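I open this notebook to record what I looked up in the structure, entry by entry. The structure itself comes before the entries.

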Amino acid sequence: IFIPNAFSPNGDGQNDVFKAVTDCNLNYTLQVFNKWGAIVFATTDIFEGWDGTFENKNAPGGAYSYKIFYSGSLNGVPFEETIRGTTRIFR
């Protein structure tokens, strides 16, 4: 699983959304938080990403925390993991 540390939602078609990238079939939850801890984006669809908006407005540039929980099975052995980190919006 690859998680970008920055994105630039400027509509140029490159790095416009924040999302994890994987070639595995996983159970998945992504939550993105602002600096006050409010959830600004959440999804359970691994193909859906955050477009840098909150309440139908562009979220300010800067750092946002995220939490990703994923689980699955590898060779019949179940696994689960939680990843926490930070990404940045560049406007």
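**Entry 1: the sheet.** I looked up the strand order and found an open sheet of five strands, β1-β7-β6-β2-β3, with mixed pairing. The edge strands are β1 and β3 (39–43), as each pairs on one side only. Strands here are DSSP runs of E with at least two residues, helices are runs of H or I with at least four residues, and both are numbered from the N terminus. Two strands pair if DSSP finds at least two bridges between them.

**Entry 2: the source.** I note that this is a predicted model, in which local features need pLDDT of at least 70 and side-chain atom pairs count only at pLDDT 80 or more, while totals for chains, interfaces and linings use all residues. Residues are numbered from 1 along each chain as its sequence is written, and side-chain values use heavy atoms, with hydrogens and water left out.

**Entry 3: the whole protein.** I counted zero helices and seven strands. Along the sequence the pattern reads β-β-β-β-β-β-β. The radius of gyration (taken over C-alpha atoms) is 14 Å, close to the 12 Å that the globule rule gives for 91 residues, so the protein is as compact as a globular protein of that length. The globule rule is 2.2 Å times the number of residues to the power 0.38. I also recorded the box that the C-alpha atoms fill, roughly 45 × 30 × 20 Å along the principal axes. Buried residues make up 35% of the 91 residues; buried means under 20% relative accessible area, exposed over 50%, and partly exposed in between, with a 1.4 Å probe and protein chains only.

**Entry 4: β7 and its partners.** I then followed strand β7 (residues 77–89). On one pairing, β1 and β7 run in the parallel sense over two bridges, and Ala 6 has Arg 88 of β7 as its bridge partner. Strand β6 (residues 62–74) runs antiparallel to β7, and 13 bridges join them. Gly 62 is bridged to Ile 89 in β7, and Gly 72 stands opposite Phe 79 in β7. The hairpin of β6 and β7 has two residues between the strands, and Asn 75 there takes a positive phi near 55°.

**Entry 5: Ser 8.** I found Ser 8 in the loop between β1 (6–7) and β2 (27–33). Is Ser 8 buried or exposed? Ser 8 counts as buried because its relative accessibility is 17%. Leaving out residues up to four places away in sequence, Ser 8 touches Gln 14, Asn 15, Asp 16 and Phe 90, where contact means heavy atoms within 4.5 Å.

**Entry 6: Ile 1.** I placed Ile 1 in the segment before β1. Its relative accessibility is 40%, so Ile 1 counts as partly exposed. Which residues does Ile 1 contact, apart from its neighbours within four places in sequence? They are Ala 20, Val 21, Thr 22, Ile 68, Tyr 70 and Ile 83. The C-alpha atoms of Ile 1 and Gly 52 are separated by 21 Å, and these residues lie 51 places apart along the chain.

**Entry 7: contacts over the sequence.** Lastly, I noted that among contacts between residues at least 6 apart in sequence, 50% join residues at least 24 apart.
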